Amino acid sequence: MNSYAEVLGDSCDGDKKNYTEVIVEEGKNISKLLNDLIGLIKLEDNSVDLNSEKFDILELIKINLRKYRLDLDEKKVGVILDSKGMEEVWVTGDKFRLSQVVNNFLSNAVSYVENGGKIRVNIYKKQERVLVEVINSGPKISGNHIDYIWEPFYKVDESRNRKYGGTGLGLAISKGILEKHGSEHGVVNLEDGVKFWFEVKIRGEQQST
Ligand SMILES: Nc1ncnc2c1ncn2[C@@H]1O[C@H](COP(=O)(O)OP(=O)(O)OP(=O)(O)O)[C@@H](O)[C@H]1O
Ligand SMILES: [Mg+2]
């Protein structure tokens, strides 16, 4: 459907072109919502089988970060990726699903960091696990909202993020994926921002249900 609207847009101008752009944008939103919903339902009814692959999570984070270059430039946000001198960080898990987690944490950091703010991604090795932290400067998550943000559809509705049209499924999906990996995860308010973190095993068996 989107490609038809895009072709139509190319042959229009003025108001008509604007309308087709709205159709394309809405189409993308609906398709993200459907994919997220299907993903969440599958996680909840246990019909997701995790792959167990070895992959370099540092490389995965670098690839995901590149997707946000334009938004980061626009918001004049600086990003530091600190892997404590490690050039490769090998872990075991479902690469595609863990990429979704990384992407959800990064997209939130990019959305909620203030203009001119900072994002920092830390990667540590902790015995048999790797700890990934995604930190963004900006407002804290107020009151007891912080206890509910991992619930499906939960959004802290403040005027500063009304412009951002997420559906509130990203963290619920991330939580489901991390629980299936037996991975600890969480969120902490900092002095000047928030930190989301998760752990992933370096090697070995992860839980399949
Ligand atoms: N880095 C962050 N800083 C401040 N608030 C955050 C941050 N990450 C998440 N939140 C809050 O948690 C809520 C839930 O996040 P979640 O990723 O599940 O949904 P979303 O980003 O609103 O939508 P979606 O991820 O489905 O596109 C957000 O709406 C926001 O209120
Ligand atoms: Mg999100």
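## Ligand 1 and its contacts

A backbone N or O atom of Gly170 sits 3.2 Å from an oxygen atom of ligand 1. Taken alone, ligand 1 exposes 600 Å², and the protein buries 98% of that. This is a predicted model, and the values here are computed from it.

Two further contacts involve oxygen on the ligand. A polar backbone atom of Leu169 is 2.8 Å from an oxygen atom of ligand 1. Asn108 uses its side chain instead: an N or O atom there is 2.9 Å from an oxygen atom of the ligand.

## The shell around ligand 1

How many residues surround ligand 1? The count is 19, and the closest are Asn108, Asn136, Gly168, Leu169 and Leu171.

By class, the shell has ten nonpolar residues, seven polar and two charged.

## The second largest pocket

The second largest pocket holds about 180 Å³ of space. Twelve residues line this pocket, and Glu44, Ala172, Lys175, Gly176 and Glu179 are the closest to its centre.

Helix H2 (14-44) and helix H7 (170-180) each give at least two residues to the lining of this pocket. H7 gives the most, with five.

## The cavity

How many cavities of 30 Å³ or more does a search of the whole structure find? The search finds one. The largest cavity holds about 30 Å³ of space.

Its lining consists of Ile61, Val102, Phe105, Leu106, Val121, Val132, Val134 and Phe198. By class, that is eight nonpolar residues, with no polar and no charged ones. H5 and strand S5 (129-137) each supply at least two residues of the cavity lining. H5 gives the most, with three.

## Salt bridges

The structure holds eight salt bridges. One of them joins the side chains of Glu25 and Lys28, at 3.7 Å from N to O.

Notes
Residues numbered from 1 in each chain as written. Chains lettered and ligands numbered in written order. Predicted model: local features only at pLDDT ≥ 70, side-chain atom pairs only at ≥ 80, totals over all residues. Heavy atoms only, no water. 1 Å grid on protein atoms, 1.4 Å probe; cavity = no way out; pocket = protein on both sides within 12 Å on 5 of 7 lines; lining within 4 Å. Points joined across faces, edges and corners; volume = space filled by probe spheres on them. Helix = DSSP H or I, 4+ residues; strand = E, 2+ residues; numbered from the N terminus. Near = heavy atom within 4 Å. Polar contact = N/O pair within 3.5 Å; in protein donor to acceptor, adjacent residues only side chain to side chain. Areas by Shrake-Rupley, 256 points an atom, 1.4 Å probe, with all protein chains shown as cover. Nonpolar A, V, L, I, M, F, W, Y, C, P; charged D, E, K, R; others polar. Salt bridge = Lys/Arg side-chain N within 4 Å of Asp/Glu carboxyl O.
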